[in-house]
Amino acid sequence: MAQFQFLILLIFLASQCESAKARLKLMWRTFDCVTNPDYISEHKCIIIEPEKSLISTELQYIKDVTKFNATFKLFMPRKPSRNFQKVIDVNVDICQFAKGIHGHRFMTIVIKAFGKQGSQLKCPHPKGLYVYPNINIAENLPAFLPETDFKIEMNFLTSETHLFNTSLTGFLFDPIKRKPKTT
Ligand SMILES: *[C@@H]1O[C@H](CO)[C@@H](O)[C@H](O)[C@H]1NC(C)=O
Ligand SMILES: *[C@@H]1O[C@H](CO)[C@@H](O)[C@H](O)[C@H]1NC(C)=O
């Protein structure tokens, strides 16, 4: 429960920092995906060059999925060391979510990043090709985030198995103050 209260605090802070949001830019470093071959035969997970602020995903589902959840974890470095510490960890039922039963405001922000393709995140989820171009997490991420490195893990799962795991690393920087360090 302490974690939930922390989340509320973060959402509160986010609403207080709209100006910071306009300033910071996001750059992705890595985007890794692992799929369950029983459900997804092919996938693409791409960071869009040259700005590296957007990502795209394509998934070929070879089985229908009637019900699934998404988990979202956000990690930031724990000072003074560079080790990542988990700051957000949510698990939402996508079917409930699509019906407008919003359990987690933070997850709403994430799903918004999918833009129009967000409607493809619903139940049931028939087999076929799903394309999510130009996912803009930066635009929708809460502004409480300072200039920092971060890591996101987002997984899609049914009650029986994991379908699709993603891991992303990137950083937020102030484009006025400095050029992004790309290493
Ligand atoms: C996804 O991650 C979960 C939990 O870390 C793991 O148990 C599962 O095997 C992974 N699934 C795939 C398809 O790699
Ligand atoms: C899916 O999310 C709901 C709501 O958070 C949770 O109660 C349920 O246990 C989750 N199911 C799985 C398979 O993680």
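**Close-up 1. Residue classes around ligand 2.** By class, the shell around ligand 2 in this predicted model holds two nonpolar, four polar and one charged residues. Its members are Asn69, Asn91, Val92, Asp93, Leu157, Thr158 and Ser159. Strand β5, residues 84–93, gives the most to this shell, with three residues.

**Close-up 2. Polar contacts of ligand 2.** Two asparagines of the shell, Asn69 and Asn91, are shown with ligand 2. At asparagine 69 the side chain is involved: one of its N or O atoms lies 2.3 Å from an oxygen atom of ligand 2. At asparagine 91 the backbone is involved: a polar backbone atom lies 2.7 Å from an oxygen atom of ligand 2. Ligand 2 exposes 360 Å² when taken alone, and the protein buries 49% of that.

**Close-up 3. The shell around ligand 1.**

**Close-up 4. Asparagine 165 and ligand 1.** An N or O atom in the side chain of asparagine 165 is 2.3 Å from an oxygen atom of ligand 1. Taken alone, ligand 1 exposes 360 Å², of which the protein buries 47%.

Technical notes. Residues numbered from 1 in each chain as written. Chains lettered and ligands numbered in written order. Predicted model: local features only at pLDDT ≥ 70, side-chain atom pairs only at ≥ 80, totals over all residues. Heavy atoms only, no water. Polar contact = N/O pair within 3.5 Å; in protein donor to acceptor, adjacent residues only side chain to side chain. Areas by Shrake-Rupley, 256 points an atom, 1.4 Å probe, with all protein chains shown as cover. Near = heavy atom within 4 Å. Helix = DSSP H or I, 4+ residues; strand = E, 2+ residues; numbered from the N terminus. Nonpolar A, V, L, I, M, F, W, Y, C, P; charged D, E, K, R; others polar.
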